Structures are given as structure tokens and as C-alpha cells.
Amino acid sequence: MVEQQPDDLDLDAVFKALGHPIRREILEQLANGPESVSELAEPHDVSLAAVSKHLRVLEDAGLLNVEEDGRVRRCHLDAAPLSDAFGWLTRYRVLWEDRFDALADHLETEDQ
């Protein structure tokens, strides 16, 4: 059994959070600035309880912070975990670009 490092667990949470379209849309909303839970729920055709569950997943992944202002819960985007995910993806993008370049070189050599 392979043990996961703490960084892997963080990435797992980020990719899990990004794995649902409503959560991705919520992140897009928050990219424009903080919003209340009810504001975040408004454009989605799901219950407020369902949106709260999505927000919990995003919060657990470190992608948003919730600030309580009286009865209003205001959510703020924290994009730092996205940077970690981007870094992980970039390593694999470079790997595949190198492999495709090598394949293209090989195919050009065979055609000649």
C-alpha cells in the first residue's frame, strides 16, 4: 500500500473540489469578489443545503474562507491551492509535450 504525503492529500482535496460543475461555478463567482452563501446559491438550481455541502468541500480543500458577519456567511476565494494543482498539472503537460515532440520527430524520420 502506498502512503500519501500531506501534499498529495491537499491535491486530492483540490481535485475533488474541482470535480463538480457547481463547485467550479462557485469558484468562478468568487473570482469576482466575496459573496454571501445565498448569493452563491442563487444561480444554481439546487437547495441551499446542497450549496452548503459544496461550500464545505471547497472550504476543506482550502479554496475558500468563510467569514461570519452576524447572520450572514460571506465566502472569499483562496486561490493558493489552485497554484499547487497548476504546478502538478504543468509537470505532466511538459512531459506529454516532450513525448509528442519525440513522436513527431520519429514520424518525420520514417517518412523520409
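Visitor: Which residue takes a positive phi in the hairpin of strand 2 and strand 3?

Guide: This is a predicted model. In that hairpin, Gly70 has a positive phi near 70°. Two residues lie between the strands.

Visitor: How many bridges join strand 2 and strand 3?

Guide: Six bridges. Strand 2 (residues 64-69) and strand 3 pair in the antiparallel sense. Take Val66: its bridge partner in strand 3 is Cys75.

Visitor: What pairs with strand 1?

Guide: Strand 3 (residues 72-77) pairs with strand 1 (residues 35-36), in the antiparallel sense and over two bridges. Opposite Arg74 of strand 3 stands Ser36.

Visitor: Now the helices. How are two packed helices described?

Guide: By the angle between their axes and the distance between the axes. Here, helix 2 (residues 21-31) and helix 4 (residues 48-60) have axes that come within 10 Å and cross at roughly 75°. The two helices are therefore roughly perpendicular to each other.

Visitor: Which residues make the contact?

Guide: Helix 2 brings Ile22, Arg23, Ile26 and Leu27. Helix 4 brings Val51, His54, Leu55, Val57 and Leu58. Seven of the contact residues are nonpolar, one is polar and one is charged.

Visitor: Which residues of helix 2 are buried?

Guide: Ile22, Arg23, Ile26, Leu27, Gln29 and Leu30 are buried. They cover an arc of only 155° around the axis, so they sit on the same side of helix 2. Glu28 and Ala31, on the other side, are exposed.

Visitor: What follows helix 2?

Guide: Gly33 follows, with a positive phi near 135°.

Terms used: Residues numbered from 1 in each chain as written. Predicted model: local features only at pLDDT ≥ 70, side-chain atom pairs only at ≥ 80, totals over all residues. Heavy atoms only, no water. Axes fitted to C-alpha atoms, helices over the stretch in contact; angles between N-to-C directions. Helix = DSSP H or I, 4+ residues; strand = E, 2+ residues; numbered from the N terminus. Parallel < 35°, antiparallel > 145°, perpendicular 65-115°, else oblique. Contact = heavy atoms within 4.5 Å. Nonpolar A, V, L, I, M, F, W, Y, C, P; charged D, E, K, R; others polar. Pairing = 2+ DSSP bridges. Buried < 20%, exposed > 50% of the residue type's maximum accessible area, 1.4 Å probe, protein only. Arc of directions from axis to C-beta.
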